[in-house]
Amino acid sequence: MAHQYHSFLVLLLAVAVAGAGAATPRQLFLVTQAPVTLTNHHGQLLTGNYSVNLLWYGRFTPAQRATVADFVASLSSPAPSPSVASWWATTARYHPGAARLALGRQVLDPSLSLGRRLSEADLASLAARLSPHRGSVAVVITAPDVLVDGFCLSRCGLHASASAAAPPKGSTRAAAKTAHGRGRFAYVWVGDSAEQCAGECAWPFHQPTYGPQAPPLVPPNADVGMDGVVINLATLLAGAVTNPYGGGYFQGPAEAPLEAVTACTGVFGAGAYPGYPGQLSVDAATGASYNAVGVAGRRFLLPAMWDPKTSQCSTLV
């Protein structure tokens, strides 16, 4: 069952990058899975109102950008049940949670200003271009032809934190105050895996690279790569809010933590098991699978999230 953890094939998380939460490729192994219990390490969580600013690195179509922007906007927008907003509401149960995320500004970088190959330091530099501050989360999304260190091999994305640049010497008092207000900020990177590893980072919309083989699902927004980005972005935003600086809610070592959603990897609906995402809603006209409704009736597939009240992985359907 979706919320039980016994000795069977489970989706085993690969080792994450030190100091950062990661959405990892979905690989199947036979292991004995202990019950999931995320511990509150009493570090800072993100609470209050936050804008989510997006930087598009590489070429994306307007339709692709709209898919992700609508997902982010849906996190705080009422919609028919089961809704994206009700999925996000679970993060408020992580004491003292309740971060309200709203869509902020979007920046385009189609010319690949830092080149086609990026390091983790490059990702932090790109995030810093979004004028980050304590009331924002910076999100960098890389195009399918961009090579990021560790992408596909050990991760599909990550969330981390950095400090805003200090004001230069001689800055006015107002400038110094603004820089101080920015302080430490959380950021997220997600890669579009359509051309490099859709079987690992866009499952269940692509045949899995490893493990049990089943026909892929039809993506609700007709784009395997971007619907996969939504799954991984949802995973990482939940981690960024509940464990932004490495001292929040997680299980296991801080260097490779199981977080709010990565603790439930591979579960999307009731009755999920390895190779089967669970019972989902299906659009009668398109055959697309989904479990959440957002703004303007847009549909998404969102992963299960660990619920602190029930100590179980909770699904929308």
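Buried means under 20% relative accessible area, exposed means over 50%, and partly exposed lies in between (1.4 Å probe, protein chains only). The legends below describe a predicted model, in which local features need pLDDT of at least 70, side-chain atom pairs count only at pLDDT 80 or more, and totals for chains, interfaces and linings use all residues. Residues are numbered from 1 along each chain as its sequence is written, and side-chain values use heavy atoms, with hydrogens and water left out.

**View 1. The aromatic pair of Trp-87 and Trp-88.** Rings of Phe, Tyr and Trp (its six-membered ring) pair if their centres lie within 6.5 Å; planes under 30 degrees apart count as stacked, over 60 as edge-to-face and the rest as tilted. By this rule there are nine aromatic pairs. In one of them, Trp-87 and Trp-88 are tilted, with 6.1 Å from centre to centre and 40 degrees between the planes. Trp-87 has a relative accessible area of 2%, so Trp-87 is buried. Trp-88, at 4%, is also buried.

**View 2. The aromatic pair of Tyr-273 and Tyr-276.** This pair is tilted, with 5.0 Å between ring centres and 40 degrees between the planes. Tyr-276 counts as partly exposed because its relative accessibility is 28%.

**View 3. An aromatic cluster.** Tyr-94, Tyr-249 and Trp-306 together form one cluster.

**View 4. Gly-97 and its surroundings.** Gly-97 is in the loop between helix H2 (84-88) and strand S6 (99-109); helices (H or I, at least four residues) and strands (E, at least two) are DSSP runs, numbered from the N terminus. With a relative accessible area of 14%, Gly-97 is buried. Leaving aside neighbours within four places in sequence, Gly-97 is in contact (heavy atoms within 4.5 Å) with Thr-47, Thr-91 and Ala-92. Leu-46 is 51 residues from Gly-97 in sequence and 6.9 Å from Gly-97 in space, C-alpha to C-alpha.
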